[in-house]
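Hi there,

Here is the structure I promised to pass on.

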Amino acid sequence: MDIQKQLKEVLSDLPDGVRLVAVSKFHPAEAIQTAYEAGQRIFGESREQELSAKQAQLPADIEWHFIGHLQTNKVKYIAPYIAMIHAVDTYKLLAEIDRQAAKAGRIIPCLLEIHIAQEANKYGFTFEACREMLRCEPWQSLQHVRIAGVMGMATNTDDEAQIRQEFASLRAFADELKESFFAGNADFREVSMGMSHDYRLAVAEGSTLVRVGSKIFGERIY
Ligand SMILES: *Cc1c(COP(=O)(O)O)cnc(C)c1O
C-alpha cells in the first residue's frame, strides 16, 4: 500500500470544509508516521490500549480522535489528550467524559452517535432517544465537554440509494438539533459520516468529517 498516494487521493475527493480522520486502528505506528510525514494530523483509533500505546510514541501534535465504542471505565486513560470522542451513545458516558476532562483540566469535544443503519447490532441513539436525552438530562451543566455534533454509520450494503438516504437522514437530524437545542451554539457543527466504501456519498450528503481507514492504510489484519 502506498499510504502517501492513497492519502492524497482521498484528500483530493474532499471539498473545503470537510476534514479527514485517517483511521489507523490495527495498523502500526510506522504507517501513521508515514501519513504524518505527508501532512496528515488527525488520526482515528477505536481501542483504548492500542491508542494509548501509539499516542505515547508518535508526534505530540497529532490530533487523536476516538471513533469506536468507548467503555466508561476507559475514559480516564484518554481524557488527558484525546481531541474528539465520536461515539457518545449514553448520557452516562458523556457525564463520565466530563468528570475525567475536569480532572485533566480540559474540555473535550464529543459527538452524539446516532443509529441510522438498518442493522440491529450497532450502537447509538435513535433519533427519538437522542431528543429525549437532550430534553431530559442536565447536559448543559457539564462544563468540560462540548457537544460538537453527531456521528453515524450507514448500513453495510451495495445499495447506494439506501446509503444516501441514511446519510441524508443524519444530516437532517443534525440540522434539526441545531435549531432546537443548539441555536446560536457555534460548537455544534460536525456531521461525522463516511468510511472507505461510502465517504463520497457521505460528502455529497453533507458530511463534515469522514473517517477513512482501509482505503489509506490497506486491509486490517485482525
Ligand atoms: C474502522 C472504522 C472506520 C474506518 O473504516 P474503513 O472501512 O477502514 O474506512 C470508520 N468509522 C468507524 C467507527 C470505524 O470503527
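Which side chain has an N or O atom 2.6 Å from an oxygen atom of the ligand? That is Lys-25. Before the rest, please note that this is a predicted model, with local features needing pLDDT of at least 70, side-chain atom pairs counting only at pLDDT 80 or more, and totals for chains, interfaces and linings using all residues. Residues are numbered from 1 along each chain as its sequence is written, and side-chain values use heavy atoms, with hydrogens and water left out.

Two further polar contacts (N or O pairs within 3.5 Å) are worth a look. A polar side-chain atom of Arg-211 is 2.9 Å from a ligand nitrogen, and Ser-214 places a backbone N or O atom 2.8 Å from a ligand oxygen. On its own the ligand has 390 Å² of accessible area (Shrake-Rupley, 1.4 Å probe), and the protein covers 90% of it.

The residues around the ligand (a heavy atom within 4 Å) include Val-23, Ile-67, Met-151, Met-153, Met-195 and Arg-220. By class, this shell has 6 nonpolar, 3 polar and 3 charged residues; Gly counts as polar here, Met as nonpolar and Lys as charged.

Now the cysteines. There are 0 disulfides, taking one as two cysteine sulfurs within 2.5 Å. Cys-130 is in no disulfide either, with the sulfur of Cys-136 nearest at 12 Å. Cys-110 is buried (under 20% relative accessible area) at 0%, and Cys-130 is also buried at 0%.

Best wishes

Technical notes: Polar contact = N/O pair within 3.5 Å; in protein donor to acceptor, adjacent residues only side chain to side chain. Buried < 20%, exposed > 50% of the residue type's maximum accessible area, 1.4 Å probe, protein only.
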